[in-house]
Amino acid sequence: MGKVHAIIPFKLEGAKSRLSNVMSMDEREEFSFKMLQDVLKSLNPLDMKVSILSTSEIELGGYDILISKRRLNDALNEILSEEKEKNPVLILMSDLPLITSKIVERILRRTEDVVIVPGRKGGTNVLFIRDPPRFKVNYYGISFKNHEEIAREGGLSYLIYDSMLAGTDIDEEEDLLDLLIFGEGGARNYLKEIGFFVKIKREKVFLERR
């Protein structure tokens, strides 16, 4: 297996609109950047090429920044089709602040042609593709099912990899509670800095903000 190319799609402007009821736009953008940094931190111990597929210019030294205004599927499929020397590709969403190096290592050790890590709402949080030109992504909707079908139709072996930490993407208010409970990185620290905390009342757990 050649050197893995990790690709992290990232959108800063207008990020995380579904959190607009609990965060300002500036807070959402800063929070999104912190989550991206947490994902990058999980990859730092691993020997791989890392590219950030961003819809706008961002300041983040030491990483390959690919700017694209195209739809996510179109941008990623172009990268997959042109991957030099058919190096394996690992696609991770940028809103996975609970993912760890150990989880990524376990995914990379799998022998299947494609490894799909579904999100709790049916999306695809992580996708590992051993032979990129033989695969095309189809995000949006219940995309883990899309990717399962694409692998099957292409005659590729695949695995649905179940992981609570990698399967937790942060999109809505209830997800912030998971991050505060299970997280350890910069995104969790930022939530605490801007006043979010966990409140236990009558044996139930709630998200609160000062």
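Q: Is strand β2 (residues 49–54) largely enclosed or left open, and why?
A: This is a predicted model: local features need pLDDT of at least 70, side-chain atom pairs count only at pLDDT 80 or more, and totals for chains, interfaces and linings use all residues. Residues are numbered from 1 along each chain as its sequence is written, and side-chain values use heavy atoms, without hydrogens and water. Strands (E, at least two residues) and helices (H or I, at least four) are DSSP runs, numbered from the N terminus. Buried means under 20% relative accessible area (1.4 Å probe, protein chains only). In β2, 5 of the 6 residues are buried, so the rest of the structure largely encloses this strand.

Q: In which sense do β1 and β2 pair?
A: Two strands pair if DSSP finds at least two bridges between them. Strand β1 (residues 5–10) and β2 pair in the parallel sense, over 6 bridges. Alanine 6 stands opposite valine 50 in β2. From β1, the chain crosses through helix α1 (residues 25–43) to β2, a right-handed β-α-β crossover. Right-handed means that, with the strands pointing away from the viewer, the path from the first strand over the helix to the second runs clockwise.

Q: What is the order of the strands in the open sheet?
A: The 7 strands run β3-β2-β1-β4-β6-β5-β7, with mixed pairing. β3 and β7 (158–160) stand at the edges with a single partner strand each, so one side of each has no neighbour in the sheet.

Q: Which strand pairs with β5 in the antiparallel sense?
A: Strand β6 (residues 124–129) does, over 5 bridges with β5 (residues 114–118). Valine 114 stands opposite isoleucine 129 in β6.

Technical notes: Buried means under 20% relative accessible area, exposed over 50%, partly exposed in between (1.4 Å probe, protein chains only).
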